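I wanted to look up ring pairs and charges over rings.

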Amino acid sequence: MANSLNHEMMNEHQHGHDGHHDQEELRQFGFWIFLMTDVILFSVLFATYIVLSGSTNGGPGTELFELNGIIISTFVLLTSSFTSGLAVLAMHQGKKNALINWLIVTALLGATFITLEVTEFMTLVHEGATIGTSAFWSAFFTLVGTHGLHVSIGLVWMVALMFQIKKYGINPVTIRKVNIVSLYWHFLDVVWIFVFTIVYLMGVM
Amino acid sequence: MLESIKKFASEFFVTGDPLIYGAMVSIGFTMIALVATLTYFKKWGWLWREWITTVDHKRIGIMYVIAALLMLFRGGVDALLMRTQLALPNMEFLTPEHYNQIFTTHGVIMILFMAMPLMFGLFNLVVPLQIGARDVAFPFLNSLSFWLFLMGAMLFNLSFVIGGSPDAGWLAYPPLSEKVFSPSVGQDFYNWGIQISGIGSLMTGINFIVTILKMRAPGMKLMKMPMFVWSVLASSVTIIFAFPILTVTLALLMLDRTFGAHFFTLDGGGNPMMYINLIWMWGHPEVYIVILPAFGIFSEIVSTFSKKKLFGYKSMVFALMTISITSFFTWAHHFFTMGTDANVIAFFAVTTMIIAIPTGVKVFNWLFTMFRGRITFQTPMLWTLGFIPCFVVGGLTGVMLSVAPADFQFHNSYFLIAHFHQVLIGGVAFGFFAGLYYWWPKVFGFTLNEKLGKWAFWTWNIGFYVCFMPQYFLGLDGMTRRTSTFGWDKGWYELNLTSTIGGFMMGLGFIFQVWQIAHSVRFMQKDTTGDPWNGRTLEWSIPSPAPEYNFAVIPQADEQDAWWEEKKRRAEGIVTVTEQPIEPIHMPGKSGIPFIKSVCWFVTGFGFIWGWYWMAIPGLIGIAACMLIHSFTYDNEYYIPAETVKHTEATLRGTM
């Protein structure tokens, strides 16, 4: 089954221009455009955060940030971006098991990042900073939480992809999917660098 | 127990108004009739197989159009209710609360659930045919976009009888839309209804950008694309930049209302003005998103019915792109009077005025295209001709509004109401009607009755001027928007009554249109030529209605107006196209996932609106499950055999 499918897709790939277009290329292009819309989504959240960053309403503010923990989670996320690159590299070398293994490492690092973030949020709530405390904390939890939500979705997606690679091997469809997941993962990394700089570094300064 | 059920029902259902009881009864009867008819004729399977699970862009387009026309009816009834209330001083037809709900839903429905889907319907019906493609880039996503729109629209419409409609205006300015001032669920219906359909709109934008950039027929360079395709591209680019802003804005308002956040509240450090900035950063581009495709439609029609090449093609493209970019730098003109720095006001006044220039260029191009053309006056052309003076007047009053000192007088008056109805009805609605009339035979395979169409055109058009011209003067006389009643001493009586008469004339125009469609279906005149208007672009080269696969052989498009040039060559006896063999055609398979996933969104939205997490969370799980199932689906595609293609072609072209 998997083999015949593979064969069919390869075939389709070869004469992809006799009327119907190369689906995998189209999808990758479409995903780039989707990422542009996501850039705008995050830009609006950043703008909101910057506008409201002084509106603590007399309550707690940036003094609650624990920079050490954030530096650790930044390091974890950046490493996961690197390992997702290694996964793509393994894919191009046709190493199916290495590809899956690197994806597992990436997902584990991503899960660690999420765990650290949830812990941070719980500590903040414990110290009296919730989404309803002030406009500043509303903006903080929304911006950082939206990034976290993106990472979580990426994780589910990555796990689903591992099963697909296991089942179908490396073919044009899974190649496109791995490329897109890794693109998405790098994108989240870039967004995190902005979060780290604008929210945490500038906040503590 | 009984008491708590009673209490729940009194909150859940809207009660106490005879109009709403009437609506409930008619909704109930329509539903029962629909279910009974489908069951009696055993059409459930057909509905599922042929429509609900379809990924064919033409069918999705048809569903968009039907939904949009239904919403036009609903929004139109809202308008007539308001005009009835305002016909005479001290009318007691609608209560002020009810009036607030009606103007809010009228605005939302007309812009988001009528203009947008009618536009997407035309995108779907026309773009792949005009660029010589077999489908859009992402057929599955296209179906998902449609169902998300429909579920969002249904959720919003439900608020009419369940829980109560939103009443904070069509853009829901806080603090009025915050929990403190709008405690009912109406505002939550607004947030979720628009949010769900907004995701669909964003995906449609992405889909058509990729379709246009990547799937054009061989030879069709960007500067050889039909003008409608250009306008869709411009509009889609504006969509992908504007809609994420709306998504975030509504999400933030939702967080405020549902989770007690303080983005836009008056307490807790919130900033209501930020909402107004954000919503207009989406809202102003939005009006260009809906008008740009109309410009494309007019360009096609003017050129076809004047039998001339479009004048100033390059300047048209340039104008479209300029408008789509400039539209993002005008948002603050919506709140000149809210206390901004004079320099900021000056900047936004100038950028607003600048938009008149490319728009003027387009109007002149259409006029020059008609100049010395052999013009015929069929319905699509009539709507185009009706549009031009209407839009010029609307544009000029727009420039008047953009002059900041004058705006301090006009702001929130009926002058403004008249202006934006003039550009949105005279521009967008007339444009989409023109497009619908123009492409109708291509989509459905039969032509519409011209005589009834002309009646519809004239009643709409005359009704339009009778309705909105008086409103300019009402505005200058000091009548403010959202006024629900007024006294005899104000002196607004004659103008308001005239305006109401005009409103009903437009309603009559709509009835003529429905009659026209019903009549044309009854006495069907099949379009056997595939080219009833003597068209210029590729969609007219295939038979009507367009077959499932669109083009049996992918066309070559080396010139602008490729089909027109081809017809000229054929008339001269030059054969350029060699007969190509018909090969099996690769098609995307049907899928029920878009529909099921959208239903899950509906359930999620409804759950959140009422704070019922037992309902919202399974909905979210359903959405995730649909995504995973789709991700694991690998071979959902099929081939149409060459024999079938040959057979279909022969049947449609009447050679069999």
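I began with charges over rings: the charged end of Lys43(B) lies over the ring of Trp46(B), 5.1 Å from its centre. The criterion I used is NZ of Lys or CZ of Arg within 6 Å of the ring centre and within 35 degrees of the ring normal. Lys490(B) likewise has its charged end over the ring of Trp492(B), at 5.9 Å from the centre.

I noted the conventions: this is a predicted model, with local features needing pLDDT of at least 70 and side-chain atom pairs counted only at pLDDT 80 or more, while totals for chains, interfaces and linings use all residues. Residues are numbered from 1 along each chain as its sequence is written, chains are lettered from A and ligands numbered from 1 in the order in which they are written, and side-chain values use heavy atoms, without hydrogens and water.

Rings of Phe, Tyr and Trp (its six-membered ring) pair if their centres lie within 6.5 Å; planes under 30 degrees apart are stacked, over 60 edge-to-face, the rest tilted.

I looked at Trp170(B) and Trp280(B): the centres are 6.3 Å apart and the planes at 80 degrees, so this pair is edge-to-face. Trp170(B) is buried at 14% relative accessibility (buried is under 20% relative accessible area, exposed over 50%, partly exposed in between; 1.4 Å probe, protein chains only). Trp280(B) is buried too, at 10%.

I then checked Phe264(B) and Tyr275(B), whose centres are 5.1 Å apart with planes at 75 degrees, so they are edge-to-face. Phe264(B) is buried at 0%, and Tyr275(B) is buried at 0%.
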